[in-house]
Structures are given as structure tokens and as C-alpha cells.
Amino acid sequence: MAIRGVNCRVEEIIRIIASDLSSAPQKERIERHDVAECIFKLNRAAAFDLTGEIVEIGRFVIVDNLEIGGGGIIREVLQDKQT
């Protein structure tokens, strides 16, 4: 099954947990193997489910220039200020 991609950007990095699982509040950049809680801004609407409701489809992959750059789970939906 293929799902059409949606362009996005990181709106905010809330916190970064380093690859050794230590909290890294002083870091401003997510490095390889780090885990981070982020807010993404999508360029258009996208259908998805929260990982707490349907684990199998509450996940995503980040692709940049045809290379997998990361992935994650969708924990919550923030209200969109646009209509």
C-alpha cells in the first residue's frame, strides 16, 4: 500500500532525548539516533490516526531527497489556525 507524501517542516522541537537516553535540553539539533518530541507543520491536510488509537497506522516516515531521515509516532493533533 502506498500513501501519497505530504511536505512538512519542523515547527518546534519540544525536547530531545539523546541516543544514550539521557535528556539533552541544551541541544538545538536532532542528531542521528536521537529521539525527539516535535511539532510538524504540514503543507496540506493529511489523514492519519493517533498511535494510541490504532498503533499500526499511527506512524510515519520522514523522507528527504529520497533518503529515509527518520520516523515517528503521532501522539496528538494540534488545532490548525487556518481554515
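Me: Why is Arg75 called exposed?

Reply: This is a predicted model, and the label rests on a computed area. Arg75 has a relative accessible area of 54%. Exposed means over 50%, so Arg75 is exposed.

Me: What makes the contact of Arg75 and Glu37 a salt bridge?

Reply: The side chains of Arg75 and Glu37 meet at 3.2 Å, N to O. The cut-off is 4 Å between a side-chain nitrogen of Lys or Arg and a carboxyl oxygen of Asp or Glu. The pair therefore counts as a salt bridge. Side chains of opposite charge can pair when their charged atoms come close.

Me: Which parts of the chain does the pair of Arg75 and Glu37 tie together?

Reply: Arg75 lies in the segment after strand E4 (67-73). Glu37 lies in strand E2. The pair ties together parts 38 residues apart in sequence.

Me: What makes Glu37 and Arg15 a salt bridge?

Reply: Their closest N and O atoms are 3.1 Å apart. The limit is 4 Å, so Glu37 and Arg15 form a salt bridge. This pair also links distant parts of the chain: Glu37 in strand E2 and Arg15 in strand E1, 22 residues apart.

Me: Why are Glu37 and Arg15 called partly exposed?

Reply: Partly exposed lies between the buried limit, under 20%, and the exposed limit, over 50%. Glu37 has a relative accessible area of 23%. Arg15 has 47% relative accessibility. Both therefore count as partly exposed.

Me: How many salt bridges does the whole structure hold?

Reply: A search finds 3. One of them joins Arg9 and Glu11, with the closest N and O atoms 3.2 Å apart. Glu11 has 44% relative accessibility, so Glu11 counts as partly exposed.

Me: Why is Thr51 called buried?

Reply: Thr51 has a relative accessible area of 14%. Buried means under 20%, so Thr51 is buried. Thr51 sits in the loop between E2 and strand E3 (59-64). Leaving out residues up to four places away in sequence, Thr51 touches Gly58, Ile73 and Ile74. Across the chain, buried residues make up 11% of the 83 residues.

Me: Why is Phe40 called partly exposed, and where is it found?

Reply: Phe40 is found in strand E2. At 31% relative accessibility, Phe40 falls between the limits of 20% and 50%. Phe40 therefore counts as partly exposed.

Me: Which strands supply at least two residues of the nonpolar patch each?

Reply: Strand E1 (8-17) and strand E2 (35-42).

Me: What pattern does the chain follow along its sequence?

Reply: The pattern is β-β-β-β, with 0 helices and 4 strands in the chain.

Me: What share of the accessible surface belongs to carbon and sulfur atoms?

Reply: The accessible surface comes to about 7,600 Å², and 51% of it belongs to carbon and sulfur atoms.

Definitions and conventions
Residues numbered from 1 in each chain as written. Predicted model: local features only at pLDDT ≥ 70, side-chain atom pairs only at ≥ 80, totals over all residues. Heavy atoms only, no water. Buried < 20%, exposed > 50% of the residue type's maximum accessible area, 1.4 Å probe, protein only. Areas by Shrake-Rupley, 256 points an atom, 1.4 Å probe, with all protein chains shown as cover. Contact = heavy atoms within 4.5 Å.
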